[in-house]
Amino acid sequence: MKAVRILSRNIRDSFKSVFRNFSLSLASITCITITLVVVAFSIILSYNVNNFTTEIERDVTIVTFLNVDIDDEGRQTVLKEINKLDNIAKVEYESKMTIANEMMESSDVYKNIMSSWTEETSPLQDTYLVKVKDIERISETADQISKIEGVSTLKYGEGMVDKLVSVFDMIRKVSLVAVVALIIVTAFLIANTIKITIFSRRREIDIMRLVGASNINIKIPFVLEGLILGLLGSIIPIIITTYGYVAIYDKMDGQVFSSVIKLVEPTPFVYEISILLVIIGMIVGMFGSWRAVKKYLKI
Amino acid sequence: MNLIAIKGVSKRYPNGVNAIQNMNLTIEKGDFVFVIGSTGCGKSTLIKMLYREVKPTKGSINVGGIDVAKLRNSKVYKIRRKIGVVFQDFKLLQKSTVYENVAFALEVLGLPKDEIHRKVLKSLELVGLKHKAKNYPHELSGGEQQRVAIARAIVNGPKLLICDEPTGNLDEKTSMEIMGVIDQVNKLGTTIIMVTHDTKIVEKMQKRTILLDSGRILKDYAKGTYKNEGRKNTK
């Protein structure tokens with residue numbers, strides 16, 4: 001009962017305090033707002049980079065050409081052997097006739113030449129289109145497939161894929177480090193702003209100590225105040241992110257430059273970002289207040 | 001019975017100043033004691049050690065059964081809840097009303113609202129400021145602000161009221177009014193320790209008076225024996 005009373009008093013006082021020290025609160029809120037906008041921007045950017053690199057990687061296919069003279073049974077055996085490998089995500093079969101039909105549809109020249117081809121006379125090869133789970137192990141998997149009886153050759157853009165994978169991997173790592181660094185910098189920036197605002201309230205802390213408030217009792221209202229500041233500070237960044245991202249997505253038709261680079265769909269992405277911003281704002285606000293008050297509680 | 005027992009206490013500040021040197025002092029429950037002496041004689045250090053704003057370098061200080069000298073930083077509130085402190089500069093929360101300022105001391109203890117209400121009004125009545133409960137400190141005179149500070153200091157029914165130059169900022173007439181309030185608090189059973197420069201007040205009140213010099217007790221006048229021996233004002 002006593003704890004509930006103290007807590008409810010603390011919550012009431014924190015709200016009061018935010019408004020009674022409004023100019024100081026506004027300084028902290030502005031600082032949180034600006035930094036959270038930057039954080040939101042970098043998260044969106046890094047998430048999108050992450051997303052389209054993953055999309056591109058997912059599109060990488062090992063085209064497995066089978067021997068020309070392979071029969072149905074042979075094809076089934078190859079399929080079974082491929083599926084036995086652990087890095088396989090999906091296998092699709094494309095017969096030489098399907099390929100020929102596709103080619104004939106695409107041009108009249110092909111049509112003239114290929115129309116006379118039959119199952120037996122076609123020089124094309126049946127293929128399996130293999131997608132892998134882990135793109136970094138693609139060469140290893142390709143190597144295993146090439147050793148299967150009945151497989152003639154493989155094509156997967158060998159060197160290019162390897163390079164692409166390592167470049168994308170680096171981009172992802174760099175963007176992740178940048179976001180984390182930005183959040184840490186934000187935390188300290190906000191902590192310092194709050195520290196300055198609390199500095200002007202040392203007297204209040206002194207009086208609290210004087211009348212017998214325990215350290216935890218002094219900290220709680222300030223920490224709650226930090227939480228409220230974080231909450232208020234995240235409102236504008238959330239509005240900017242939500243409306244801004246939807247607007248950009250609509251304007252660019254969900255893609256950048258070409259259909260290869262796709263943007264992440266706004267829902268539920270913007271909601272996730274919003275929740276993340278609120279959480280970052282609150283935690284950072286609380287952390288800042290806690291650190292600042294702690295400094296003034298030492299003798 | 002002793003409320004305060006100071007045994008062999010010394011305080012040396014990090015800058016090398018010996019503020020208090022091997023002091024022994026006992027103060028009885030219900031007593032009213034003045035602490036006087038020139039600037040830098042250790043008066044402030046002495047009372048700051050009582051409410052554990054300053055930690056002694058050596059010796060033991062027992063206040064109402066708590067060894068203040070050994071109290072950890074995080075446990076300071078335990079002694080503060082048994083002691084009321086009044087300062088020269090009042091130390092009121094400027095953005096809170098008179099009522100809120102006094103209630104604050106009880107809220108930190110987590111008392112129920114109606115109990116806080118009753119105690120705050122009683123305390124404000126004692127200092128004669130019940131009618132100004134809704135005013136803010138800056139709307140009050142210095143004397144009235146000091147009364148609020150006293151009301152806050154005693155609202156919790158402390159055993160000891162420490163006054164650090166409570167009349168330092170007030171004129172003579174207001175000072176005597178404040179002394180009247182403090183005397184009344186004393187009569188209700190609270191022990192009072194008051195540091196002051198104003199020997200006129202000390203002479204008038206005729207209470208036990210301790211004269212400090214260079215961190216030592218120079219003289220300990222028993223109740224009714226203090227006379228201003230040629231010192232106009234110890235300032």
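Reader: Asp72(A): buried or exposed?
Author: Exposed, at 53% relative accessibility. Exposed means over 50% relative accessible area, buried under 20%, partly exposed in between (1.4 Å probe, protein chains only). This is a predicted model: local features need pLDDT of at least 70, side-chain atom pairs count only at pLDDT 80 or more, and totals for chains, interfaces and linings use all residues. Residues are numbered from 1 along each chain as its sequence is written, chains are lettered from A and ligands numbered from 1 in the order written, and side-chain values use heavy atoms, with hydrogens and water left out.

Reader: Which side chain does Asp72(A) meet in a salt bridge?
Author: Arg75(A), at 2.2 Å, N to O. A salt bridge here is a side-chain nitrogen of Lys or Arg within 4 Å of a carboxyl oxygen of Asp or Glu.

Reader: OK, chain B. What does Asp67(B) pair with?
Author: Lys70(B), in a salt bridge at 3.5 Å, N to O. Asp67(B) is partly exposed, with a relative accessible area of 24%. Lys70(B) is exposed, at 66%.

Reader: Back to chain A. Which residues join Asp72(A) in a network?
Author: Arg75(A) and Asp126(A). Salt bridges with shared partners link the three into one network.

Reader: How many salt bridges over all chains?
Author: The count is 23.

Reader: What about Lys16(A), which residue is its partner?
Author: Glu100(B). The closest N and O atoms are 3.2 Å apart. That pair crosses between chains. Lys16(A) is in helix H1 (residues 2-20) of chain A, and Glu100(B) is in helix H3 (residues 98-107) of chain B.

Reader: How exposed are those two?
Author: Lys16(A) is partly exposed, at 29% relative accessible area. Glu100(B) is partly exposed too, at 22%.

Reader: Why can such side chains pair at all?
Author: Opposite charges can pair when the charged atoms come close.

Reader: New topic. Where is Ser42(A)?
Author: In helix H2 (residues 22-59) of chain A. Ser42(A) is buried, with a relative accessible area of 15%.

Reader: What is Ser42(A) in contact with?
Author: Val179(A) and Leu182(A), leaving aside neighbours within four places in sequence. Contact means heavy atoms within 4.5 Å.

Notes. Helix = DSSP H or I, 4+ residues; strand = E, 2+ residues; numbered from the N terminus.
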